[in-house]
Amino acid sequence: MTGPRIDLRSDTVTTPTERMRRAMHEAVVGDDVYAEDPTVSELQREAADLLGFEAGLFMPSGTMTNQVAIAVHTQRGQEVICPEGSHIYEWELGMMATFSGVVPRFVPAPRGVPDPDDVRRAIRRSIHQSPSGMISLEDTHNKAGGTVLPLEVLAGVRDVAEQEGLPLHLDGARMMNAAAAQGVRPSDIARHFHSVSLCLSKGLGAPVGSVLLGSRDFIGAAHRYRKMMGGGMRQAGILAAAGLIALREGPALLQEDHRRARELAVTLKEAGYDVDLETVQTNMIYATLPDAQTRVNAWAARGLLASALDHDRVRFVLHHQITDDLLAHAQDIIRS
Ligand SMILES: *Cc1c(COP(=O)(O)O)cnc(C)c1O
């Protein structure tokens with residue numbers, strides 16, 4: 001391998017910035033299982049205020065925040081209505097079944113966007129069927145390409161949830177990307193939901209952590225499930241300190257990631273790869289090609305890392321540690 005390593009496998013691969021490391025070094029900490037870590041409390045407060053919720057709860061991962069939300073919202077034997085390709089099913093290892101005893105019911109989601117009428121039609125009440133327990137959306141929708149859900153769709157699904165008396169959760173791992181892409185406040189997205197899971201360790205750049213947001217009662221119940229899952233962390237302020245920097249400084253960097261994703265997508269397209277540019281709305285690009293793994297291996301040998309997610313799909317994800325220089329290198333490798 002010659003030249004720099006350009007890691008576009010995910011936006012989780014960022015390493016903590018100098019400011020994060022300094023904040024971690026200086027963090028005031030306590031035992032967070034006793035709710036005595038001031039830095040964790042500050043992060044939870046700040047995330048809740050930013051998204052317009054009463055309370056927040058810091059956890060090690062987005063899988064845990066999602067699965068704790070499902071555990072609180074549902075009862076065994078129920079269904080979780082979610083768009084096809086949802087992370088809560090595709091990439092969370094069957095945890096909704098093993099931990100909460102619930103199963104998914106998918107609604108169609110072209111380019112990640114479900115139709116609120118399809119969500120309504122998916123709701124079940126009959127004695128012969130598993131009843132609907134909750135609805136969960138994903139914004140941005142990862143498997144559909146990092147696509148953004150229009151605010152009208154969020155409002156439409158919220159109306160369905162309200163009329164049907166179902167809790168509505170957002171897997172908002174990358175909701176800050178959705179807010180940046182639409183030029184809206186994060187709370188303009190979050191206000192439609194009863195609970196939101198937000199990842200600090202994706203594009204926002206923190207080394208570890210996600211926050212679950214909701215009402216005081218919801219978060220009270222979530223505490224118990226977090227502990228059951230092994231997510232009760234002690235002097236977690238060390239991590240929350242970096243999370244605070246990510247929350248405060250990360251969102252401003254996302255638009256540049258989106259611009260670079262767009263430029264790389266165009267390069268891929270010009271090099272003959274099958275990319276649906278309409279889906280390149282935030283920091284991700286999916287290209288469809290035969291034998292994805294072989295292509296990914298060939299790029300990796302030259303320092304460009306991407307993910308072969310299916311046998312015929314490759315994903316590239318931009319993040320703040322990919323500079324314009326590194327992007328230019330990546331483009332050279334793809335062109336040659
Ligand atoms: C990354 C991600 C998560 C959480 O994943 P973890 O690896 O558990 O932090 C949840 N939802 C979506 C859409 C994601 O991309």
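**A loop threonine, a capped helix and a ligand site**

Thr 279 is found in the loop between β9 (274–275) and β10 (284–288); strands here are DSSP runs of E with at least two residues, helices are runs of H or I with at least four, and both are numbered from the N terminus. The model is predicted, so local features need pLDDT of at least 70 and side-chain atom pairs count only at pLDDT 80 or more, while totals for chains, interfaces and linings use all residues. Residues are numbered from 1 along each chain as its sequence is written, and side-chain values use heavy atoms, with hydrogens and water left out.

Thr 279 counts as buried because its relative accessibility is 9%; buried means under 20% relative accessible area, exposed over 50%, and partly exposed in between, with a 1.4 Å probe and protein chains only. The side chain of Thr 279 reaches the backbone oxygen of Asp 276 at 2.7 Å. Such a polar contact is a pair of N or O atoms within 3.5 Å; within protein, one must be able to donate a hydrogen and the other to accept it, and residues adjacent in sequence count only if both atoms are side-chain atoms.

The UniProt record, an unreviewed entry, annotates residues 7–287 as "domain: Aromatic amino acid beta-eliminating lyase/threonine aldolase". In this span, 43% is helix and 16% is strand, and the end C-alpha atoms lie 16 Å apart.

Helix α2 covers residues 38–51. Its 14 residues reach 20 Å from first C-alpha to last, close to the 20 Å expected at 1.5 Å a residue, where the expected span is 1.5 Å times one less than the number of residues. At the N-terminal end, Asp 37 caps α2 through a side-chain oxygen 2.9 Å from the backbone nitrogen of Thr 39. Thr 39 is also one of the buried residues of α2, which include Val 40, Leu 43 and Leu 51. After the helix comes Gly 52, with a positive phi near 80 degrees.

The ligand is surrounded by 13 residues, the closest being Gly 62, Thr 63, Asp 171, Arg 174 and Lys 202; a residue is near if one of its heavy atoms lies within 4 Å. Helix α3 (residues 62–73) supplies the largest share of this shell, three residues. In the side chain of Thr 63, an N or O atom is 2.6 Å from an oxygen atom of the ligand. Ligand nitrogen atoms are found 2.6 Å from a polar side-chain atom of Asp 171 and 3.4 Å from an N or O atom in the side chain of His 87.

Technical notes: UniProt positions are given in the numbering used here, feature names are shortened, and annotations may be inferred rather than shown by experiment.
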